[in-house]
Amino acid sequence: MALRTLRGRTASPPLEADDAENLQVASQLVALSGGSLKVALDGGQEQPFASLVLPAAQQVAVLVIDDNVDTLQLFQRYLEGTRYPFIGVRDPAQALELAKQLAPKIIVLDVMLPGMDGWELLGRLREHPVTRAIPVIVCSILLQERLALTLGAAGFLRKPVNRAALLAALDAQAERLLKGAR
């Protein structure tokens with residue numbers, strides 16, 4: 001609520017107790033997400049000045065390995081507008097080289113691949129020093145979650161996969177990466 005002054009300009013009334021309490025709660029909520037909220041109420045300004053700083057969502061590159069072009073296109077659409085830049089590849093041998101070269105933060109791996117199946121590729125990813133620590137989410141129509149986890153996968157998704165399930169699996173791995181970096 002603005003007040004009219006004698007000079008024809010507006011000035012803000014002093015903060016009431018409810019306003020101060022609301023600002024304190026807002027500041028605490030912002031701090032929980034790693035940000036800060038500062039409100040300047042003096043300094044010759046006519047209006048309170050608020051400064052809100054929030055951390056940018058860290059980009060987490062995702063390499064999706066699947067021989068099905070439709071699946072790659074679907075996953076690319078699912079990841080548009082998220083913090084997960086999409087890198088898609090159909091060929092398992094090329095995928096291994098890309099993983100070594102680009103060092104994505106997370107890999108989503110189909111099991112039924114031509115030439116080299118996903119299980120063999122998972123083993124090679126686990127053996128190589130550049131890729132061994134990258135979390136791999138096995139994504140398959142086959143019900144082999146236990147095998148995937150036993151062979152070193154960090155997670156498992158059963159096809160068909162919807163956007164919410166994919167993002168939840170990626171979020172879980174990204175959270176683990178963040179905790180491991182602390």
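Two strands are taken to pair if DSSP finds at least two bridges between them. On this basis, in the predicted model, five strands form an open sheet in the order β6-β5-β7-β8-β9. The pairing in this sheet is parallel. Strands β6 (86–89) and β9 (155–158) stand at the edges, and each has a single partner strand, so one side of each is left without a neighbour in the sheet. From one strand to the next, the twist averages 20°.

At one end of the strand order, β8 (residues 136–140) pairs with β9 in the parallel sense, over four bridges. Within this pairing, Cys 139 has Leu 157 of β9 as its bridge partner. Helix α2, which spans residues 69–79, packs on the sheet and touches β5 (62–65), β6, β7 and β8. The direction of helix α2 makes about 175° with that of β6.

Strand β7 comprises residues 106–110 and includes Asp 110. The relative accessible area of Asp 110 is 6%; because buried means under 20%, this residue is classed as buried. Leaving aside residues up to four places away in sequence, Asp 110 touches Ile 65, Asp 66, Asp 67, Gly 118, Cys 139, Ser 140 and Lys 159. Among these, Lys 159 also makes a polar contact with Asp 110, side chain to side chain, at 3.3 Å.

Definitions and conventions:
Residues are numbered from 1 along each chain as its sequence is written. This is a predicted model: local features need pLDDT of at least 70, side-chain atom pairs count only at pLDDT 80 or more; totals for chains, interfaces and linings use all residues. Side-chain values use heavy atoms; hydrogens and water are left out. Helices (H or I, at least four residues) and strands (E, at least two) are DSSP runs, numbered from the N terminus. Buried means under 20% relative accessible area, exposed over 50%, partly exposed in between (1.4 Å probe, protein chains only). A polar contact is a pair of N or O atoms within 3.5 Å; within protein, one must be able to donate a hydrogen and the other to accept it, and residues adjacent in sequence count only if both atoms are side-chain atoms. Contact means heavy atoms within 4.5 Å. Axes are lines fitted to C-alpha atoms, for helices over the stretch in contact, and angles run from 0 to 180 degrees between N-to-C directions.
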